[in-house]
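Subject: Structure for your review

Dear colleague,

Please find the structure below, together with its sequence. My notes on it follow.

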Amino acid sequence: MSAPTALVLAAPGTNRDHDVAFALELAGAAPRITLLAELLADPTVLHDAQLLVVAGGFSYADALGAGRMWSLQLTHGVGDTLRAFVAAGKPVIGICNGFQVLTRTGLLPGALGHNASGHFQCEWGRLDVPAGRCVWTQGLEPIECPIAHGEGRYVHPDPAGLAANGQVAFTYAGHNPNGSQDAIAGVCDESGVVLGLMPHPENHVVARQHPRHARGTATGLGLAVFQQGVRYARER
Amino acid sequence: MAIGARLTIRSQGADPRATSLLADAHALGLTQVTAIDVAEVVFFHDDLPAAHRAAIEGVLIDPLLQTATWQAPTRGIDTELLPGVTDPAAQAVALAAHTVGLPVVDVATGMHYDVQPALDAATTALLARRLLANQVIERWAPAPIAPSFIDTHATAERSVDHVAIRTLDDDALLALNKERGLSMDLAELHAVAKFYRGIDREPTDVELETLAQTWSEHCSHKTFRALITVLGENGADGATITPLLKQLRECTDSIAAPFVVSAFVGNAGIVTYHPGTTVAVKAETHNHPSAIEPFGGANTGVGGVIRDVMGTAHDPIAITDILCFGPTDVRADELPDGVLHPRLIESGVIAGVADYGNKIGLPTVAGAVIYDPGYTANPLVYAGCIGVADAAPPLPGPLPGDLVVVMGGRTGRDGLRGATFSSATMDATTGDVAGASVQIGDPIVEKLVIDAMRELHGLYTAVTDCGAGGLSSAVGEMAEGVGADVDVTLAPLKYPGLRPWEVWLSEAQERMVFAVPPAHWPAVLAVCSRHGVEAHALGTFTGDGWLRVRAADLTVLELDTHFLHDGRPQRSMVAELPTPYRGEPTLPECPDPKATLLALLAHPNIASKEHVIRRYDHEIRGATVVRPLVGEGHDGHADGVVLARPTDTHGLALGIGVNPWYGLTDPERMAHAVVDEAIRNVVAVGADPDKVSLLDNFSWGDPRRPSTLGDLVMAVQGCCDAAVANTAPFVSGKDSLNNEYLGSDGQRHAVPPTLVITAMAHVPDANFTVTPDLKQAGNVLVLVGHTLAEFGGSHFEKVGHSVGQAVVPAPDADAPARYRRLHAAMQTGRVRACHDVSEGGLAVTLAEMALAGRLGITVDTLPHEHTATALFAESNGRLVCELAPADLDWFCSELGTPATVLGTVTTGTDLLIGDIRVEAAALRTAWSGGHS
């Protein structure tokens, strides 16, 4: 079976596009990094894709709040195309800045504010995977991967309702690094095909990337998220 | 002006930034301040109709996180960025407005701060001046401020002034030097005057500025190229010595390492450790700018060193930073006039490094943070970068006929005269008059140039970065011997109104200059357009050896590039060599080793740096195999870092050595010690000691003082000896001299002699890396290397012990062979942990290994009969290794002597040294302080 095409979207300032493309390749997809300007010029490039990835970084330098400028470009430029992609049931993932973008476009619920610490933080942590409706996390064991953000504090008017509806996809296990409500690290939309998360599973796709690899206590490959997404895209 | 509009945006709930501002205010002595709240402000030059206001709110405000008002506050403090300072937020507002179809053009941004209503005006003003507004880039006023906007309709006079120099006497030459801020000495002024007498005209203002930039200490390294006479006994003139830069070059040549591709040429050193791949490595300082505008200074320092690597056509992959600050608990009223509080310098510098590195998408991986009162007025900020490329022949150009292409950021008045500024001693007015000398970077613009450069291979014949001196330096260097003809009116500007000399000398960031054959120009433009990068051809490389700069048809500079680059007279300088004590050392007393260990662990230079390291993204690219934070709780400090792409077996290690305290008494031994430390740090993580390249970065005081130059001479000597002993060549370096501050008290404040050594080494197998955290109870610990009573400049002394007649740690001639044997042992995978012994000595090393592994240690054998020496001396060449008991005999026979089997790893987490027990909780509290 041919590898599903994954369109990895990158805006000016996106910087984890290559990392996530590598993860997708390992997971069995055929990633294609596409610049925002190219998508805006020709929205039909999305038609050939089976997965859409909104990659992490500092699009437009996070001016006026992380993800704001990118989401504005998407909403005004290709809003209908994006909604059609989601309506067709094709899986979408937004990581870090991509998550911030998807909340601001309205494709995901809630918002991401400044970390409680008031500054950028980079640290590894464990993510629990509550049972729910997200197609990217079905059957997933907890994963371990780094966060690297300054605006990752998840805020939602009704986090309990979100959890009850099966839309909380990841929670920080143990230490809540940024003051997120109910330690929420990732959420999905009502349909379950759109996932957003602040941590970077794409930076733990081989065992050697884990900080405790030398201690022999490394677990929880983030690769599993991409494998599940690719599997879903292939089988749906 | 029209009555504009302002939108004030507040966070819902407490703004996390407010908490740290209040803590800063209190640390600065403003304890009367009890409340600060923060808001962002957007200023619009023209008023907006209600519908437009609603639309702007719709795109700028997140209703879950923020509230907004168009009502201007009537109290509190407003700040705004000065017109012309890089303001991505203002650009973004304009882009956002454009996206939703609103005709909004002139936008500026700022901040608003609410303080408690009862705060008196004097304290409010002090708060604004000391904490809220850095007047180098910002302006403040009681709210509401009257915002200023950049003049978008300014026009520039295209004129050229000639400056009379040919007939001036010495006094008049020196007056001209001072008036124009040229930072030249009399011999150089004479050389300029003579040159113009020879061509029978006066220099233009642009020529004079260009010569000053090109001949500045910053750009031409006068001291490192100077003829130095060493003072003999009784102050008589003694022997002259080989210029320092030549010594370093000859040292590298004599080592003749097969992996060196290019050393001390161009923007960075280049080596090859693996067939088909080359690695570029470079470190720079950005000290003076960071002293007056810490965020912008550090920010552009990082941006600049990344461009150095880009300027060798390599793709940047990682950043390093070494930061030296004054004590952060100094009282604000004890600071010299005009000096920012070290606490603000520290937070600004760290934020500046983090901002650039995180946004450009490179991991900030290796570094150090040290504190000393000698850095209070002169903080030091070193930034390094490494990059990789497919092995390729050297670029052939620039070739006659190639276009002079400037790519990346636009040109503004940013940083005019930065090179001469950084070469001058600062005084209390520096912060006021040097406003234009510091800039804020725009890392996204530089990132886009990196992206574009990956697709430009083969389309250009030469490249360099625009750093100090701007186009004058970049084009001037590229044109050396070839010549160039450029029209500065073709350079894209941030705003109109720049005069020709301003365009030519601007240090606007994020610009690269390429030599592009005309046939490739359309292809270059196509790549740049795809990535949203601006590229403009300003002229051509001519082939006649003359540099010509025009503003359309007005010639403003016409110089023979031979005179520009080779016309500077060699400087003659005098050095007085230090005479450090190297006799029999006193054995110092240590009545309470436990208290000493805890004091050492709590010393800012040794204590955990986790709070700094976590501000930097060290994970991006997924290649950081040994990261700066390691161990069971990811909080131990690795000796060095290892970078290896997930698909590669081999990798690169980076290690740092720095110790200014040794330099204060024995600069030669200091240099040897820090080279040894940098190499030890890469060997400890698994690098091959036969494939180590070194960088030297000197930050020194004024070398015209003979004793200061004498210290430098001996440090270079130490560097060369250590490089030869380790067969580790220097491939690049940089010196930052004149790190002195003339306080309004009339006293000179100089930095301690600070040499930072970066070791960049090959890791043959990234699956066999080693970290310092203890792995398993029951394992044994072995110390390799000699332990001697070496306490000169030690941290044992810093925590309050008298050391009497002390010596700085001497070079260990056996160390290089020891490192090779250790490396061979590591390749078997049987060395379970390894940590070097440095500041604080063996006891600190053991405590750090235990803390990182969440395990304990029982020590029953010490490496010296004198307890203080065994535990706290700082002898070079030592490492502690963890081994399974079954591997002990093998390891000891592999390593040979001296090796001390110290004791065992325990499941209990205490550190037990003989009958001295230090509880794990006490170790952790001391080491982590209030930070974690």
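Across the interface of chain A and chain B of this predicted model, 25 residue pairs are in polar contact, with both residues at pLDDT 80 or more. On the side of chain A that touches chain B, the elements that give two or more residues are α1 (17–26), α3 (68–87), β5 (111–113), β6 (121–128) and β7 (143–149) of chain A. The largest share of that side, 5 residues, is supplied by α3(A). By class, the residues of chain A that touch chain B comprise 23 nonpolar, 18 polar and 9 charged.

As to the extent of the interface, 50 residues of chain A are in contact with 55 residues of chain B. The two chains bury about 4,400 Å² between them, and 59% of this area lies on carbon and sulfur atoms. A:Cys122, A:Arg208 and A:Arg215 together supply 18% of the area that chain A buries against chain B, more than any other three residues.

Salt bridges

The structure holds 56 salt bridges over all chains, and 5 salt bridges are found across the interface of chain A and chain B. One joins B:Asp617 to A:Arg16 through their side chains, at 2.7 Å from N to O. This pair crosses between chains: B:Asp617 sits in the loop between α22 (610–613) and β24 (624–626) of chain B, and A:Arg16 in the loop between β1 (5–10) and α1 of chain A. Another salt bridge links A:Glu38 with B:Arg530, where the closest N and O atoms are 2.2 Å apart.

Helix pairs

Helix α3(A) also takes part in a helix pair between the chains. Its axis and that of helix α3 (residues 88–99) of chain B come within 10 Å and cross at roughly 10°. Because angles under 35 degrees count as roughly parallel, α3(A) is roughly parallel to α3(B). The residues that meet are A:Met69, A:Leu72, A:Gln73 and A:His76 from α3(A), and B:Ala92, B:Leu95, B:Ala96 and B:Thr99 from α3(B). This contact has 5 nonpolar, 3 polar and no charged residues.

A second pair lies in chain B, where the axes of helix α10 (residues 244–255) and helix α25 (residues 706–726) come within 10 Å and cross at roughly 5°. The helices α10(B) and α25(B) are therefore roughly parallel to each other. From α10(B) the contact draws on B:Leu244, B:Gln247, B:Leu248, B:Cys251, B:Ser254 and B:Ile255, while α25(B) brings residues including B:Leu712, B:Val716, B:Cys719, B:Cys720 and B:Val724. The residues of the contact divide into 11 nonpolar, 3 polar and no charged.

Backbone points to check

Most residues other than glycine have a negative phi, and most peptide bonds are trans.

- B:Ala143 and B:Pro144 are joined by a cis peptide bond, with omega about 0°. B:Pro144 belongs to the loop between β6 (138–142) and α5 (170–180) of chain B.
- The peptide bond from B:Gly397 to B:Pro398 is likewise cis, with omega near 5°. B:Pro398 is located in the loop between β14 (380–390) and β15 (403–408) of chain B.
- A:Asp62, a residue other than glycine, has a positive phi, near 60°. The loop between β3 (51–54) and α3 of chain A contains A:Asp62.

With kind regards

Note on methods
Residues numbered from 1 in each chain as written. Chains lettered and ligands numbered in written order. Predicted model: local features only at pLDDT ≥ 70, side-chain atom pairs only at ≥ 80, totals over all residues. Heavy atoms only, no water. Axes fitted to C-alpha atoms, helices over the stretch in contact; angles between N-to-C directions. Helix = DSSP H or I, 4+ residues; strand = E, 2+ residues; numbered from the N terminus. Parallel < 35°, antiparallel > 145°, perpendicular 65-115°, else oblique. Contact = heavy atoms within 4.5 Å. Nonpolar A, V, L, I, M, F, W, Y, C, P; charged D, E, K, R; others polar. Buried area = accessible area lost by both parts, 1.4 Å probe. Salt bridge = Lys/Arg side-chain N within 4 Å of Asp/Glu carboxyl O. Polar contact = N/O pair within 3.5 Å; in protein donor to acceptor, adjacent residues only side chain to side chain.
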